[in-house]
Amino acid sequence: MSQTGSEPATPKADAERRRNVRVATICALTFFGMIGAAFGSVPAYRAFCQLTGFDGTPRRADAASSQVLDRNLTVRFDANVRGDLPWRFTAEQTSQDLKVGETKIAFFKVTNNSDKPVTGRAVFNVVPSQAGRYFQKLQCFCFEDQTLQPGVTVDMPVLYYIDPEFAQDVNTRGKSEVTLSYTFFRSTEAAPEEAERPHPKG
């Protein structure tokens, strides 16, 4: 008379099952660890780019240049809005002529065209990318969220200079133009209470 039901597990089958469970567990831990590392590395990557000028990211400076060279340069400005952000964002000047090391101020204008407060954040880069490490910002609206109330228009200044080392670097010394480009996108990091906080004008 034959027996019904599953056959008792053999030692070999038990060992194989334990090995499969162990491999699946390791894969799951690795997967979630990589996701956590990716999200955790975003602020660090942003700070690294701002510090080094990597990938065309302008650097943030604490003081104006102590040296101004007799070397002319044209800085062009580009302004964009991405995705579903209901803002109008423009550069008040198409370009500026300056000397390397000279401090300049450029203005951008942004309007919230919606009927509710909206928070956005600007990402930015410099073209050519080799010039990013020499584009120094003394004041900028791009390092934090900006909340605009319905229908509000604000001017956003950028105080900057081109580091004199720009003229010595073999990758940039022959360049006569650089472009500073901004793109505003809807911020996903704003706290709910910030939505009601008015943005200062000017």
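**Ground rules.** I am working with a predicted model, in which local features need pLDDT of at least 70 and side-chain atom pairs count only at pLDDT 80 or more, while totals for chains, interfaces and linings use all residues. Residues are numbered from 1 along each chain as its sequence is written, and side-chain values use heavy atoms, with hydrogens and water left out.

**Sheet.** I looked up the strands (DSSP runs of E, at least two residues, numbered from the N terminus) and found that five of them form an open sheet with mixed pairing, in the order β4-β2-β10-β6-β8. The edge strands are β4 (95-99) and β8 (146-148), each of which pairs on one side only, where two strands count as paired if DSSP finds at least two bridges between them. From one strand to the next the twist averages 30°, an angle taken between N-to-C directions of lines fitted to C-alpha atoms, on a range from 0 to 180 degrees.

**One pairing.** I then followed strand β6 (residues 118-127), which runs antiparallel to β8 and is joined to β8 by three bridges. For Val118, the bridge partner in β8 is Leu148.

**Disulfide.** I searched the whole structure for disulfides (cysteine sulfur atoms within 2.5 Å) and found one. Cys140 and Cys142 form this link, with their sulfur atoms 2.1 Å apart, and the 135° about the S-S bond makes the link right-handed. Cys140 has a relative accessible area of 13% and is therefore buried (under 20%, with exposed over 50% and partly exposed in between, using a 1.4 Å probe and protein chains only), and Cys142, at 4%, also counts as buried.

Key:
Helices (H or I, at least four residues) and strands (E, at least two) are DSSP runs, numbered from the N terminus.
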